[in-house]
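Please keep the sequence and the structure in view while reading.

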Amino acid sequence: MAHTYLGQAYMQKRMYPEAIEELQRAVVLSERNPEIVAILGYAYADAGNHKEAEKVLRELTESPGSRYKPSYSIARIYSVLGRNDEAFSD
């Protein structure tokens, strides 16, 4: 979790390369925990890397039905990408 918190701190400071690096580590160490993957997706979107943010959205929304899907975090990614209708959908 330390890498996740550090990545979020870097995001607040708009230090996106550092944030993404820490969050990528957190994703690996957490064995792709969906919530942490979503935070990484948000960092990509906020940094302007929409292609990577879209990949994260696909991973989160197209995962098997029984896997946890962090709805709020997914909505945050959609919102930053300007896809507000999808942010408020199911």
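## Buried residues of α3

In this predicted model, the residues of α3 that are buried are Pro34, Ile36, Val37, Ala38, Ile39, Leu40, Gly41, Tyr42, Ala43, Tyr44 and Ala45. They account for 11 of the 13 residues of the helix, so α3 is mostly covered, where buried means under 20% relative accessible area.

Several other helices take part in this covering. Among the elements that cover the buried residues of α3 are α1 (2–12), α2 (16–29), α4 (50–61) and α5 (71–80).

## Length and ends of α3

Helix α3 runs over residues 34–46. From its first C-alpha to its last it reaches 18 Å, close to the 18 Å expected at 1.5 Å a residue.

At the start of α3, a side-chain oxygen of asparagine 33 comes to within 2.8 Å of the backbone nitrogen of glutamate 35. Just after α3, glycine 48 adopts a positive phi of about 90°.

## The pairing of α3 with α4

How do α3 and α4 lie relative to each other? Their axes come within 7 Å and cross at roughly 155°. Because angles over 145 degrees count as roughly antiparallel, α3 is roughly antiparallel to α4. The crossing in which α3 passes α4 is left-handed.

Which residues meet where these two helices pass? On the α3 side they are Pro34, Val37, Ala38, Gly41, Tyr44 and Ala45. On the α4 side they are His50, Glu52, Ala53, Val56, Glu59 and Leu60.

Key
Residues are numbered from 1 along each chain as its sequence is written. This is a predicted model: local features need pLDDT of at least 70, side-chain atom pairs count only at pLDDT 80 or more; totals for chains, interfaces and linings use all residues. Side-chain values use heavy atoms; hydrogens and water are left out. Helices (H or I, at least four residues) and strands (E, at least two) are DSSP runs, numbered from the N terminus. The expected span of a helix is 1.5 Å times one less than its number of residues. Buried means under 20% relative accessible area, exposed over 50%, partly exposed in between (1.4 Å probe, protein chains only). Contact means heavy atoms within 4.5 Å. A polar contact is a pair of N or O atoms within 3.5 Å; within protein, one must be able to donate a hydrogen and the other to accept it, and residues adjacent in sequence count only if both atoms are side-chain atoms. Axes are lines fitted to C-alpha atoms, for helices over the stretch in contact, and angles run from 0 to 180 degrees between N-to-C directions. Angles under 35 degrees count as roughly parallel, over 145 as roughly antiparallel, 65 to 115 as roughly perpendicular and the rest as oblique. A crossing is left-handed if the near helix is turned anticlockwise from the far one by less than a right angle, and right-handed if clockwise.
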